[in-house]
Amino acid sequence: MCIRDREGADSGGVRKEFFQLIVRELFDPGYSMFNYSEETRTFWFNPDTFESRLKFELVGLVISLALYNSVILDVHFPRVVYKKLMGLPLGFDDLVDFSPSIAQSLDFILKYEEADLQEILTCTFSVEVDSYGAKRTVELVPGGASIDVTQENKHEYVEKYLDWLFNSSVESFFEAFKKGFYKLYNGEITKNCDPEELQLLICGSPVLDMKELQRVTTYDGGYTKESPTVVSFWMVIHELTAEQQKRFLFFTTGSDRAPVGGLGSMAFHILKKWRRRCPIAHCTYVL
């Protein structure tokens, strides 16, 4: 990779910048490939997108390539995505993580035991979808728009709704995404981990323990952990807000998340002098 006709001095920074830029473009709302949930701050496949399945395959491939190159991505998927990648069954608990508001509504239906449920809900085995400003009705079962939800069939209704939401509504796009992801790993990556661990491998942990980072930091070029500059440096780092600490981590490593094992598993060095070069961080390799 060259930047302004100069070879990239890649100590990891150029590679990380490449993945960050391409992921940012692929998840841009302008492409309408994914819907962003303000409630959970996660992305989910847009069932009404006009983009081709090939582009979703590309997204899966890019994510697997980043994983192969140990690059943590700023990708925010709900847990459902990782469970589907691993072929695990989905249930109501996954809906709580996916959309707490929808889970609350369906939970009310399941727990309501009075005989007037049908009159209160006025709900059928169908879903009204807003597709680019136009309303359309999707039936969860054949003739579903004419089948009322009652005490007798409410469990079936919730089951059909979850299947539509997680599977049938996005099936073609998710399968393309999954195909791209497994082009590189061929299923091996998911054999020895659970969905939470796979999520950590791809996008890291949002929990930042700067004391752990300080504990594993090494010093060279005249600096020690007792040096006044170093002591002041860590004092400032610990006083930063959580958001400022994320920005600091991104500046130095190219990611605002901790890898698997936390910040204590990182190699972090503070050098006073290094071959008469300027201080080095992630940004100095990509600008």
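A: The following account begins with the loop and then turns to its surroundings.

The model is predicted, so that local features need pLDDT of at least 70 and side-chain atom pairs count only at pLDDT 80 or more, whereas totals for chains, interfaces and linings use all residues. Residues are numbered from 1 along each chain as its sequence is written, and side-chain values use heavy atoms, with hydrogens and water left out.

Asn46 lies in the loop between strand 4 (42–45) and helix 2 (53–68); helices (H or I, at least four residues) and strands (E, at least two) are DSSP runs numbered from the N terminus. Asn46 counts as buried because its relative accessibility is 6%, where buried means under 20% relative accessible area, exposed over 50%, and partly exposed in between (1.4 Å probe, protein chains only). A polar atom of the Asn46 side chain lies 2.9 Å from the backbone oxygen of Ser32. Not counting residues up to four places away in sequence, Asn46 touches Ser32, Met33, Phe34, Asn35, Tyr132 and Phe173, contact meaning heavy atoms within 4.5 Å.

Asp48 belongs to the loop between strand 4 and helix 2. The side chain of Asp48 forms a salt bridge with that of Arg136 at 2.6 Å, N to O; a salt bridge is a side-chain nitrogen of Lys or Arg within 4 Å of a carboxyl oxygen of Asp or Glu. This pair links distant parts of the chain, with Arg136 placed in strand 6 (residues 134–139), 88 residues apart from Asp48. Asp48 is buried, with a relative accessible area of 13%, while Arg136 is partly exposed at 36%. A further salt bridge joins the side chains of Glu51 and Lys55 (2.8 Å, N to O), and Lys55 is partly exposed at 34% relative accessibility. The whole structure holds 11 salt bridges.

Pro47 is in contact with Ser169, as is Trp164, when neighbours of Ser169 within four places in sequence are left aside. Ser169 is located in the loop between helix 7 (154–168) and helix 8 (171–185). With 18% relative accessibility, Ser169 counts as buried, and its side chain reaches the backbone oxygen of Trp164 at 2.7 Å.

Phe45 is one of the residues, along with Phe77, Tyr157 and Phe177, that touch the most other members of the largest nonpolar core, which has 60 residues. Such a core is a set of buried Ala, Val, Leu, Ile, Met, Phe, Trp, Tyr and Cys residues joined through side-chain atoms within 4.5 Å.

How values were computed: Polar contact = N/O pair within 3.5 Å; in protein donor to acceptor, adjacent residues only side chain to side chain.
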